[in-house]
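Subject: Structure for you to look at

Hi,

Here is the structure I promised to hand over. Please open it first, then read my notes below.

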Amino acid sequence: MQQGLTEAAFALAFEGMSVDAALALREGLDWKHFKGSRPDRFADLLSVADLDAHLRTDGARTPRIAMADEARNGSAGVPEEEFALPDGRVDLPRLLARFDAGASLVVSQFHETHPPLAKFCRGLERLFLHAVQSNIYLTPPAAQGFRTHFDTHDVLVLQVEGRKRWRIWDGERVERPTRRTPWPGNMPPLGEPHVLVLEPGDALYIPRGIMHDAATEAGERSLHATIGFMEASWAQAIRALVDEAELADPALRESVPSWRIGEADLLPALAEKLTRLATPAHAERLANLMLEQLARDRQPLPARGLFAPMPEGALRLTEGMHSHLVQDQDGTATLFWTGGTLPLEPGEVAELAALAEGAVPGDAAFARKLWGMGLLEPA
């Protein structure tokens, strides 16, 4: 039986782990090295030939194409004018010369233009229910792209070709950093590093805040994909909830009596406003807001093409499109998906539930509507 999108992506990313063990890993602070079962494990996701082909297209532009060289004075980032034209397109001869001189090639968000990575990231998104991205790093021999640093989101490094030596320090250098957390600059790691070599087919999970660096050995190039897990922080989620709640709740639109600062205690009013958000209804709305944001932000991957009549037989909700159902008390519901919202009557809710499991459509007109939206695929 063919694996689904999520099952295939999970098996590739977390080989040998159960879903529960992977979730526990995501919820902890420990890094983990996964030894690959075979060197070509990630060959279907990415290759140097894929990067060569991409660099020869008009889509190869800054800032998605970047270069880094730890040996530079100042920032490790190579100035764009050294490898790109004024309009942002890569200047391939100069880029190749800079690469030959020791700079690493960095291709950001490659899942948005490379279908194998798009499907892989979409499979992981369906499991973790947050955005997943891929950045690609090709490093020449005896070189290092970035200096010792930590990331502000969890990452999974997939070693595709060649070998790379990594140093990893235990413990968060800055507790739970996000993109809004100031980088102090030249922050040294604490303690002694663990040193390991990633070989083709290996993977390395590094939680945010864990300091690390990586370099190639003499005579050894390296190609790896860094899969970024872009989960929201509580602060980010609460900001989104407050922004929406303000539209419906006059109490949140009341003025803060700044003219009373110094003579009045703001704590009771602040506590009352926060308590208004701490309700089951707001908790449910926060969850739906995060799912709606996921559907809006991610590139849709419908199963149908330009000329694709709806097939006969059993159909199911397509795995390439994010969608979720919000049911109302009267039996009606709203389907949230990449293209917006679709109100559903009770009979359509039941039909959608059957299609979610894979079924021959009972309502052909409704199925054709979903097929046209790209929300169905053969079961």
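This is a predicted model: local features need pLDDT of at least 70, side-chain atom pairs count only at pLDDT 80 or more; totals for chains, interfaces and linings use all residues.

First, a term you will need: two residues are in contact when heavy atoms of theirs lie within 4.5 Å. Now the ground rules. Residues are numbered from 1 along each chain as its sequence is written, and side-chain values use heavy atoms, with hydrogens and water left out.

**The whole chain**

The chain holds ten helices and 15 strands. Both are DSSP runs, numbered from the N terminus: helices are H or I with at least four residues, strands are E with at least two. The C-alpha trace spans about 75 × 70 × 45 Å along its principal axes.

Of the 379 residues, 42% are buried. Buried means under 20% relative accessible area, exposed means over 50%, and partly exposed is in between (1.4 Å probe, protein chains only). The accessible surface of the chain is about 19900 Å². Carbon and sulfur atoms own 55% of that surface. These areas come from the Shrake-Rupley method with a 1.4 Å probe, and for residues only the protein chains shown count as cover.

Take the contacts with a separation of 6 or more: 77% of them join residues 24 or more positions apart.

The chain has 38 positive and 54 negative charges. Their mean positions are 4 Å apart. Lys and Arg count as positive, Asp and Glu as negative; His and the chain ends are not counted. Each charge is placed at NZ of Lys, CZ of Arg, CG of Asp or CD of Glu.

**Two helix pairs**

Start with α1 (residues 5–13) and α5 (residues 115–128). They pack at an angle of about 100°, and their axes are 8 Å apart. Axes are lines fitted to C-alpha atoms, for helices over the stretch in contact, and angles run from 0 to 180 degrees between N-to-C directions. α1 and α5 are therefore roughly perpendicular. The cut-offs: under 35 degrees is roughly parallel, over 145 roughly antiparallel, 65 to 115 roughly perpendicular, and the rest oblique. From α1, the residues in this contact include Leu-5, Ala-9 and Phe-10. From α5, they include Phe-120, Gly-123 and Leu-127.

The second pair is α6 (residues 234–248) and α8 (residues 280–297). Here the angle is about 110°, with the axes 10 Å apart. That makes α6 roughly perpendicular to α8. Among the α6 residues that meet α8 are Trp-234, Ile-238 and Leu-241. On the α8 side, look for His-282, Leu-286 and Met-290, among others.

Most residues other than glycine have a negative phi, and most peptide bonds are trans. Three places here deserve a look.

- The peptide bond from Thr-62 to Pro-63 is cis, with omega near 5°. Pro-63 sits in the loop between α3 (48–55) and β2 (65–68).
- Gln-109 is not a glycine, yet has a positive phi of about 55°. Gln-109 belongs to the loop between β3 (104–107) and α5. Is Gln-109 buried or exposed? At 17% relative accessibility, Gln-109 is buried.
- Arg-176 also has a positive phi, near 50°. Find Arg-176 in the loop between β6 and β7. Arg-176 is partly exposed, at 31% relative accessibility.

Pro-193 lies in the loop between β6 (164–172) and β7 (194–198). Its relative accessible area is 24%, so Pro-193 is partly exposed. Which residues does Pro-193 contact, leaving aside neighbours within four places in sequence? They are Arg-167, Ile-168 and Trp-169. Pro-193 and Trp-166 are 27 residues apart in sequence, but 9.2 Å apart in space, C-alpha to C-alpha.

Arg-221 is in the loop between β9 (210–215) and β10 (222–230). Arg-221 is partly exposed, at 42%. Not counting residues up to four places away in sequence, Arg-221 touches several residues, including Val-48, Thr-139, Glu-161 and Thr-216. Ser-104 is 117 residues away along the chain from Arg-221, and their C-alpha atoms are separated by 10.0 Å.

Pro-93 lies in helix α4 (residues 92–100). With a relative accessible area of 61%, Pro-93 is exposed.

Best wishes
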